[in-house]
Amino acid sequence: MSNQRQASSASQVPHLSPAELSYLYSSLSLPKTPIRPDGRSPTQFRPLTAETNILPGTNGSARIGFADGTQAIVGVKAEVEKTVLANETLARNDGGAGLDRGEQEGSAAVGGHGSWVQMSIEIPGFRDDDALPVFLSEMMRESLVGAVGTREASDMAGGLKERLVINKRWHWRLYIDVLLLSQPLAYPLPLLSLTTHLALLSTKLPKRKSQGEEDPFFDDDWAVAEYLYPRPSLSSGKTNSTGSSFVRPPVTLLVISVGENIIFDPNREEIAVADAVLAISITRDSEAGTLKLLSIRTVDPPSRLTQPGVPNSENVSMLGAVAPTEDVAVLNPATGEEEVPGVWRPRRGGVKRSVIAEMVKTALKKGGVGEEVLEGLEGVEVS
Amino acid sequence: MKSLRRDISSNPQAANVTSKVFVRSTKSGKVQKIVRELYLRQDIPCSSKLCSLCPSIAPADANGNIAPFVLSDRPAGTKAFPRGHYLFPDTNALLNGMDLFEHTGAFYDVVILQTVLEELRNQSLPLYNRLLSLIKTDEKRFYLFFNEFRLETHVRRGPEESINDRNDRAVRTVASWYEEHLRVSAKKSKKEKFVPAMVVITDDKDSIRKAKAENVTALSLADYVAGLEDSEKLLDMISEAREARDTKDSARGELFYPEYYSMSKLMTGLRAGTLHQGVFNVSPYNYLEGSIKVPAFDKPLLILGRDNSNRAISSDVVVIELLPKDQWKSPSAKIVDEEAVTKNDNPDTDESEAVVTDRERKALQEEAKQAHGKNSEGNPQPTAKVVGVIKRNWRQYVGHVDSNSTASHAGRRQQTVFVLPMEKRVPKIRVRTRQASELIGQRIVVTIDSWDRDSRYPTGHYIRSLGELETKGAETEALLLEYDVQYKPFPKSVLDCLPAEGHDWKVPASKEDKGWNGRRDLRDLLICSIDPPGCQDIDDALHARPLPNGNFEVGVHIADVSHFVKPNNAMDLEASVRGTTVYLVDKRIDMLPHLLGTDLCSLKPYVERYAFSVIWEVTPNAEIVSSNFTKSVIRSREAFSYEQAQLRIDDPSQTDELTESMRNLLRFSKILRQKRYDAGALNLASPEVRIEAGDEAGDPLTDVKTKAMLETNSLVEEFMLLANITVATKVYESFSQTALLRRHATPPPQNFEDLTNQLAKKRGMELDVSSSGALANSLDRCVDPENPFFNTLVRILATRCMTSAEYFCAGAHAESEFRHYGLASPIYTHFTSPIRRYADLLVHRQLASAIGYEGEDGHAVIEGVSTRGKLEDICRNINYRHRNAQFAGRASIEYYVGQALKARGEKMAAGGTDTGIDEEGYVMRVFENGVVVFVPRFGIEGVVRLEDFVLPGESGIYSVAERRELAVHRTTDFDSEEYTVRVSEKNHPEKERSVQVELFQRVKVNISSVKEEGRGAGKRRVRVLITG
């Protein structure tokens, strides 16, 4: 049990021997051509199946299943709520949690409030106040409410927060319920984030009939409900198939570095040997049509908690059995630490600046991983 | 990356399951997406007698019977459809032509789709209810087809398809399914020749076009009706609303009225308290003045003028906005009749007319002047304007065609006429008709369809004719319709609930019989009943006998109606809808079928009857020692009329036990009465006369009698009150939430303000309204030795200041609010007249349950007495019916008096001239241009207009027309402080040639019945002339 609690920083650490860890590490850290246990390329995602609107009672929902059997369901519910009058000042104070853009927007005439988006994550085997679900939900919520469009995209100028404003006295409150259906085999963040993204894409809000500052009053026809994230209109959507000029919910990608290599969508074993684990939130920049970075969070690499291997030179039982030359420590180019090849040493978590820069670049660049993921998700028929 | 979405078609079960998704906004402001799953089936029958397939698949009930099929196998045909046809109306066809569908001459074999019914419910609840009752009747052969649940006819809404289009498609789909289905089944049974045509009735041009493409026969309502016999009359019955809209769109006329606020704006305003909601009420004296009582203000808010009332019609639920303070005014002191002001309006043209015509503006301005002038009584009252309508309470109105508005020789051409409703508070209605010349002089029923911004008057359509004006049948029916009294004979389903033995029903002889379960045998008690002469429905009987301990046993025995009327059967439902028996002068509209009311339940003398008894033990001083309730069997010894009972009591030679017991009852009743007055009960007066229909030959006016009060009247009354109070206490003990009680709210003191001022000013009398006791005492002091009727007059006026008593359900109010103000009782209910009031019947059931009476079959009958929601609905209905029954009764008397006067007038005219009758009258209200006079002899109130004052030096009486001429030459000097009005001729201001009238004054009046033109036509206005 204590093991599981500890695993809150990342997923459970697989029970691998130091030798296995070391083998895994060395295959993954092969310069330029890492060999992943499942044979994927470094930027390749695991195949997944996705569908939307699986829960008819919700405003929007999605299910994503990875081929390894992990599955998540996300349901989004919206509720009309009265805005407490003092919200503008509150929004400014609260926005200080590192959301500079948000704060600037908050000082505008109509301010949304980050707390209008509520996210709860349920993971089997965890209580809802355990560190992992709380941490994960906060991480995803923050990029969600922090994502801000540009002024031109009038509807979503202030991002999701502004979209939730109905008028000065009323707003929508969004409940995002994330449910992981399987045991978390890998760190569940990418799965949950992708599912949430998809669910939000399919989310609709009832069409408003009232105007201005009137009490909200809605059309009872669900067919005319409007998307939370507006779609490109049919005509323009044909010509501009990427739909890049529209604000999209952010996705959070999990990236690890092993040696000099950068690996996307790591599985559990890969995370176990990672030098650094990063959660990168990206979204489309509706102005430039490119991707932009919303946040980077480092996640405690679980490799820190593994048992170290013992070099033969220090192993009493092996004393004199091998030639001392085999055990010469070399400098690991990625971490700058001295290591004996083939002998596992727990990672300390340090990572070079250049590696991080490379990670961000790979994620954001045109035709890069980020674009591939977003396009893939947009390809899921949302109906 | 690969994405996968499961396809519905891959699921074999999916075809049977579908869902319905919509958004629901709750009262608390929540907005929810609602998903309902629909399971489609294939065993919903087509219900055509022609079909050979459906009888085998239709679902059967527990006894293995299937519902009888509705649609005829030989439906009626028309020229276009010689083989007969089934009709499939869409929602709009029903909205526009419900009166047609109810017509008995056509429209048989109609299939109503569930989709259409639901849509209709959303659009108009009254029409929905009418359609439901159509479906229920057998003779019209309307079949409700649950198309949404049948696999073949369920229509999935396509992408980008509007709801209307989808519903129209549903109608066409059903029609084509019927066609196919019946064709197949007819082929099997070799009856192909009889398959009728399926005709979709829709007014949607697009739908007709699509129907053509889909090979479905579709016709517009007008086109279909045009192919029927008697089409002219039928075409008149199509609602004008749509047609009017079509024509107006092309030539958008001038907009007379401001637009209503949007629904959301109204809701915002109501929640924020800037707008108010209430029921729009029009003053009976001034059609331009309305008032609305809203909780936020003590006094009702005034709505002055047409533009402020903005198309609201009396009894609509409207939303109003307060006007700025500088536009506040005093209520009008003028009598304004619509027909006098707008007499010359032309129904066809609206152009060149403003909403507020100059004439109307003048009528209003004079008021304003009056309000600002002097230091008029009271401050200006807040005024408001209507900004939205929550609910139209339009109903069918009885009226007649204004003959001035018809073209003299229009022939059969369609023309627009004005219909003047009998109800003065409803504006005239513009009706298009092809039969104008036939309708003149008829009592007709019309309905309002719409009131658009560009029309000065509401638009409606003709429904049916009741007969000629002033004929007894037409006028009685008109009266019943106006007061929404259900006067149709009881349907068979109700009569089926009566005991099979009919008049031969008897209390079972053997006490072993289940009818005796839980009943006490009170047959040996000396019970008698005292009622008005000729009473057939005897609700109550009494007895009193000395007990060995010196006390007395007093019993009130009430007809045990709940024994015969079981909860929730057809008879019970009918009774709960009727609510009360309505008494007209020459007619009684029963709540329960004749057999029960006048025989089986009626506590007739000399026969055994079931009763529900309340029995007290009282001391010789009428202190109640104990009370007891029981179901019983009694045998009344005698049925007295009040007079007979009085004579027998007063006759000292009668010393038998029965008379003694009546004397005891009388003695107790006097003590009880005194106690009640000591507690502060009010002795109120209402201007009631009763009419004893005498022989035809005599002077009908002699039948009009003011009600005489005998001691025996109050004997019965006292014990009924006592029984009601005792029962109320018991029922409330057992059902703290659902007891059906009756309360009379304490009127707010400001209601009495006017009357208090008037009394203080004119007579120097004071009215203490702090409590009912104080009021009773001060009313007793309002005596004018010169004028014996004055006290009664004040009581009548005081009664009008009060709120009316109402039934309610105990949970709806706090216990302190249960008080009955007039009776000064902390709790009250109605228990003693179950034959004629539904409330009493319910209370009987509650009491039976409270005392643990288990009914004849052993299980308690508490159904229908335990759910509060249902009870509140019933209370609302019976309060409404009760009020209407009173109004109808009064109107009936008024009509009778008018007719009696007319008959007399005609008789007089035969021998000379009609000089009317000279009577005494009392001034009740003073207006700037007239007064209201009350004539106690006939219990009528008459408005006396300027021309009806007979000035000194004026000779004799003129005809109506001649008198009307006088009005323009007259002028008044109105003093709102002193409540006086002086009428004089314009050029002769001398005192000698004028008449001054003041409030409460006794005046000599001359009463005659005159044929009135305009609004009151046919009603025969009773003309009151003040002669001095």
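**Reading a sheet, a helix and an interface**

Modeller: Chain B of this predicted model holds an open sheet of five strands, ordered β10-β9-β8-β11-β12, with antiparallel pairing. Strands are DSSP runs of E with at least two residues, helices are runs of H or I with at least four, and both are numbered from the N terminus. Two strands pair if DSSP finds at least two bridges between them. Local features require pLDDT of at least 70 and side-chain atom pairs count only at pLDDT 80 or more, whereas totals for chains, interfaces and linings use all residues. Residues are numbered from 1 along each chain as its sequence is written, with chains lettered from A and ligands numbered from 1 in the order in which they are written.

Biologist: Which are the edge strands of this sheet?

Modeller: In chain B, β10 (301–304) and β12 (384–391) each pair on one side only. Neighbouring strands of the sheet are turned by 40° against each other on average, direction ignored; axes are lines fitted to C-alpha atoms, for helices over the stretch in contact, and angles between N-to-C directions run from 0 to 180 degrees.

Biologist: What packs on the sheet?

Modeller: Helix α10 (263–272) of chain B does, touching β8 (275–282), β11 and β12 of that chain, and its direction makes about 100° with that of β8(B). A contact requires C-beta atoms, placed from the backbone, to lie within 7 Å.

Biologist: How many bridges join β11(B) to β12(B)?

Modeller: Six bridges link β11 (317–322) of chain B to β12(B), and the two run antiparallel. B:Glu321 stands opposite B:Lys385 of β12(B). In general, side chains in a regular strand alternate between the two faces of the sheet.

Biologist: How many residues of chain B are in contact with chain A?

Modeller: There are 25 in chain B, in contact with 27 residues of chain A. The elements giving two or more residues to this side of chain B are β1 (17–25), β2 (31–39) and α10. The residues on this side divide into 10 nonpolar, six polar and nine charged. Here Ala, Val, Leu, Ile, Met, Phe, Trp, Tyr, Cys and Pro count as nonpolar, Asp, Glu, Lys and Arg as charged, and the others, Gly among them, as polar.

Biologist: Where does the hairpin of β30(B) and β31(B) place a positive phi?

Modeller: The strands β30 (930–935) and β31 (940–945) of chain B pair in the antiparallel sense over six bridges, and B:Val931 has B:Val944 as its bridge partner. Four residues lie between the strands, and B:Gly939 takes the positive phi, near 65°.

How values were computed: Contact = placed C-beta atoms within 7 Å.
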